Amino acid sequence: MSIRTHATRISAVGVAMFVLAGCVTAGSDDGDDQEDPQTVSDEITDEEVTLRLAYTDDPPAQALVEGFEDQYPNVTIETAQTDFGNYITSITRSMSSDDAPDIAQYNPGAMRSLVPAGHVLELGGYSELYGWEGAFPPASLEQLMSDDDAQQFGTGGLYAVPGGLSVLGVYYNRPMLEEAGVDEVPSTLAEFSEAMEAVAETGERPLSLGGLEVGALHLWNAVLNSVGPAQDYLDWVYGAPDSSIETDAAAEATEIIAEWVEAGYISEGSNATSDADALADFTAGNAAFHATGNWAAATVADEMGDDAGFFVLPGADAGSVPVASGSSVAYSISSATEHPDVAAAFLDYMNSPEAAEIQIETGFMPVNTEADVATDGLLGDIAESFAPVAENDNIVPFPDFAAPGMIDRLTAGLQGIISGRTTTEDYLSSLQEVWTSHHG
């Protein structure tokens with residue numbers, strides 16, 4: 001599909017220079033310099049500059065680096081990748097050292113200590129200079145904001161810029177749905193449940209789910225987004241005072257999961273299934289649906305081709321704009337960098353038409369949602385599903401963002417729901433316990 005054409009500015013050699021009070025200055029190792037004003041500029045030096053970038057997710061990191069270097073031949077970005085399991089520890093240590101990388105992939109866990117210590121540049125000055133507030137989807141920037149203590153997110157300063165967007169949805173097997181007499185992509189949550197029932201009646205398995213890791217979390221999250229309201233969820237994930245997950249919507253979402261277990265759409269064996277095995281099970285044609293994000297698109301497309309489709313789980317009412325959890329591969333700038341303006345130019349490049357091409361080619365949704373990026377097949381399906389979510393600013397973060405250790409409680413709790421050993425009340429209470437222990 002072709003998303004709406006939009007003429008997007010990318011600054012090659014800028015002309016404006018602003019002095020903005022309140023921005024952190026480079027070279028701080030203990031945060032003491034944060035109150036000094038810093039000059040920010042979009043005028044990029046023509047001298048040779050080398051930046052170092054630390055990241056964990058590739059793609060799209062390496063491809064974006066190469067795209068930026070093509071536009072700025074005098075800039076070299078040396079990359080260092082760390083596996084996801086070790087990234088939080090690794091980046092926390094390196095960004096607080098005397099040899100910090102200039103740019104680092106943002107991680108909310110790591111930033112909980114790096115932001116208060118002043119090791120990450122607050123980007124308000126560059127955001128104003130480049131016009132990021134109007135250029136990036138607001139929800140994608142909101143997730144990268146925090147207060148000075150990194151206790152509450154979605155408010156305060158901006159500490160990163162997205163380099164590619166992800167979205168949570170549902171993959172489906174077209175032939176299996178046709179066999180079950182399901183001719184249309186579900187337009188309501190009830191229709192999705194009815195489609196699974198129709199598949200089950202043919203003797204096929206409706207859903208492939210990896211409950212051993214985060215597969216059940218993704219499904220519960222998608223259902224919660226469907227039954228809303230989104231603001232209550234956002235308040236809880238961002239740590240707004242007095243917010244709670246013990247809501248009617250969260251209880252309804254949990255009960256729906258339990259009902260799908262009772263109906264046989266989700267088996268207890270799911271708790272022993274990894275995410276990779278669940279995805280492989282789906283792509284092998286053993287189930288009609290699989291809930292996960294667009295990061296699996298390349299694998300699904302390779303294995304299933306045109307037999308696979310994708311949709312964002314719809315709301316309770318037909319015609320309602322869906323809400324979807326999503327995040328971004330985002331990049332922060334070290335407050336110790338000697339080249340903050342060049343690093344900021346790299347971040348601004350993320351919103352360029354050239355970067356949009358790279359982002360879609362590497363399986364992500366473009367940060368510039370109005371870029372003229374044509375794609376088809378499964379990626380086209382994902383882009384078409386994602387467009388109304390982004391245009392209506394209905395991207396919300398994942399629930400494990402809410403507090404350290406939350407992902408473990410979410411995973412274990414949903415395993416209990418699937419096995420029937422945990423009640424809805426106990427599950428939600430256990431999540432709130434983790435939230436309260438962190439946010440008070």
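Is Asp281 buried or exposed? In this predicted model, Asp281 is buried, at a relative accessible area of 18%, because the cut-off for buried is under 20%.

Asp281 also takes part in a salt bridge. Its partner is Arg205, and the closest N and O atoms are 2.6 Å apart. Arg205 sits in the loop between helix 8 and helix 9, whereas Asp281 belongs to helix 12, so the pair ties together parts that are 76 residues apart in sequence. Arg205 itself is partly exposed, at 34% relative accessibility.

The whole structure has four salt bridges. Another one joins Arg52 to Asp99, with 3.0 Å between the closest N and O atoms. Here strand 3 holds Arg52, and the loop between helix 2 and strand 5 holds Asp99, 47 residues apart. Arg52 is partly exposed at 30%, and Asp99 is exposed at 52%.

Next, helix 17. This helix covers residues 406-419 and spans 20 Å from first C-alpha to last, close to the 20 Å expected. Of its 14 residues, 10 are buried, so helix 17 is largely enclosed by the rest of the structure. Among the buried ones are Leu410, Leu414 and Ile418. Arg409, in contrast, is partly exposed, at 29%. The side chain of Arg409 meets that of Glu433 in a salt bridge, 2.9 Å from N to O. That pair links helix 17 to helix 18, with the two residues 24 apart.

Last, the surface. There is a negative patch whose members include Glu178, Asp183, Asp306 and Asp376. Helix 8 gives the most to this patch, four residues. Asp306 comes from the loop between helix 13 and strand 11, and is exposed at 64%.

How values were computed. Residues are numbered from 1 along each chain as its sequence is written. This is a predicted model: local features need pLDDT of at least 70, side-chain atom pairs count only at pLDDT 80 or more; totals for chains, interfaces and linings use all residues. Side-chain values use heavy atoms; hydrogens and water are left out. Patches are made of residues with over 30% relative accessible area and no salt bridge: like charges are joined within 9 Å, nonpolar side chains (Val, Leu, Ile, Met, Phe, Trp, Tyr) within 5 Å. Accessible areas come from the Shrake-Rupley method with a 1.4 Å probe; for residues, only the protein chains shown count as cover. Lys and Arg count as positive and Asp and Glu as negative; His and the chain ends are not counted. The place of a charge is taken as NZ of Lys, CZ of Arg, CG of Asp or CD of Glu. Buried means under 20% relative accessible area, exposed over 50%, partly exposed in between (1.4 Å probe, protein chains only). The expected span of a helix is 1.5 Å times one less than its number of residues.
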